[in-house]
Amino acid sequence: MIFANSACLLLILLVIPLTVWYILRGRKRKATLSMPATAAYAKMPASWKSYLVHVPFILEMLAIVLLSIILARPQTTDRWENTEVEGIDIMMCMDVSTSMLAEDLKPNRLEAAKSVAAEFINGRPNDNIGLSIFAGEAFTQCPMTVDHAVLINMFQSVSSDIAAKGIIDDGTAIGMGLANAISRLKDSQAKSKVIILLTDGSNNRGEISPLTAAEMARSFGIRVYTIGVGTNGTAPYPVQTNFGIQYMNMMVEIDEEMLRQIAQTAGGQYYRATSNSKLKEVYEQIDQMERTKLQVKEFSRNEEEYQPFALVLLLVLLLAVLLKQTILRTIP
């Protein structure tokens with residue numbers, strides 16, 4: 001909650017001198033009815049009205065507090081406004097071909113990559129980050145955003161099923177994936193534009209070669225960090241058979257030379273992740289990149305919230321008047 005006229009809250013300070021005045025007045029007050037002796041009344045219990053004598057004053061002070069809050073105009077905010085944060089523009093470009101189901105990383109390459117990437121995203125709250133995925137084809141899973149809760153939800157929905165079920169062609173179109181990520185970054189005004197490309201194979205599909213895409217990235221001032229994910233030698237790969245899931249050993253064939261050339265051409269660096277811990281180390285190293293200022297547009301709208309305070313104020317004043325005119329009424 002915010003206050004449109006926060007200076008009005010200073011009126012609450014009036015409660016202090018009024019309370020002091022009330023206490024001093026009570027001490028100076030003299031009896032208006034003289035009695036020859038009060039010994040006969042010494043053991044009489046106090047009337048219940050005596051406990052309520054200060055209630056009207058307390059209610060009046062509460063009314064001043066409530067009136068001050070109402071004049072300060074309490075509001076909830078909900079509007080569009082531009083803010084400036086520190087961050088860079090990042091497109092994460094991830095291979096989702098069926099080979100990413102290999103289990104040399106746990107539980108498999110794809111899930112390991114998703115888990116570590118989610119930690120990376122959570123550690124960079126001010127970055128503008130998006131997600132591009134590719135197999136035999138490439139498309140944008142999530143445009144660049146600073147709403148990382150949405151991004152991570154989109155990340156978690158990524159699955160190799162889209163290739164296994166034929167939703168998109170299987171294969172490894174690294175050039176197409178990189179080009180798709182470039183298309184999202186090329187018009188960015190950020191000083192630092194980065195693509196993190198993760199794959200476990202070599203380019204075998206697509207109309208754009210990876211090195212051509214790397215040249216495109218360089219021309220737009222985009223750095224490309226490449227990650228080859230997979231152990232050395234062979235990796236267990238699950239195969240569905242009539243007897244359930246069986247495992248076969250598949251050769252790990254990562255075109256490391258091509259990934260190095262992509263990174264070198266686009267001013268980045270190549271990393272090899274042979275385990276979950278190595279993959280985490282890779283993202284931690286990339287996390288050390290410089291940051292720059294971004295303009296972010298956020299939505300908010302102001303709504304007046306004085307009504308509950310006004311209702312309570314009305315009830316307080318009515319109760320104070322009622323007490324003074326009935327059970328606490330004084331006769332001059």
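## Burial and overall make-up

Of the protein's 332 residues, 40% count as buried, meaning under 20% relative accessible area, with exposed set at over 50% and partly exposed in between (1.4 Å probe, protein chains only). This is a predicted model, in which local features need pLDDT of at least 70 and side-chain atom pairs count only at pLDDT 80 or more, while totals for chains, interfaces and linings use all residues. Residues are numbered from 1 along each chain as its sequence is written, and side-chain values use heavy atoms, with hydrogens and water left out.

The protein has ten helices and 13 strands; these are DSSP runs numbered from the N terminus, helices being H or I with at least four residues and strands E with at least two. Among contacts (heavy atoms within 4.5 Å) with a separation of 6 or more, 82% come from residues 24 or more positions apart.

## The nonpolar cores

Let's look inside. In soluble globular proteins, nonpolar side chains tend to be buried together. A nonpolar core here is a set of buried Ala, Val, Leu, Ile, Met, Phe, Trp, Tyr and Cys residues joined through side-chain atoms within 4.5 Å. The largest one has 38 residues, and M92, L131, L198, I227, L279 and Y283 touch the most other members. Helix α3 (residues 109-122) gives the most to this core, with seven residues.

Beyond its neighbours within four places in sequence, L279 is in contact with L105, A112, A113, V116, L198, I227 and A273. A second, separate core of 26 residues includes I174, A181, A235 and Y237.

## A loop residue, V252

V252 lies in the loop between β10 (244-251) and α8 (256-265). V252 counts as buried because its relative accessible area is 13%. Although 17 residues separate V252 from A235 in sequence, the two are 6.6 Å apart in space, C-alpha to C-alpha. Setting aside residues up to four places away in sequence, V252 touches D104, R109, G230, T231, G233, T234, A235 and R272.

## Helix α2

With 17 residues, α2 reaches 24 Å from its first C-alpha to its last, close to the 24 Å expected at 1.5 Å a residue; the expected span is 1.5 Å times one less than the number of residues. Buried residues in α2 include P56, F57, L59, M61 and I70. Just after α2, R73 takes a positive phi of about 55 degrees.
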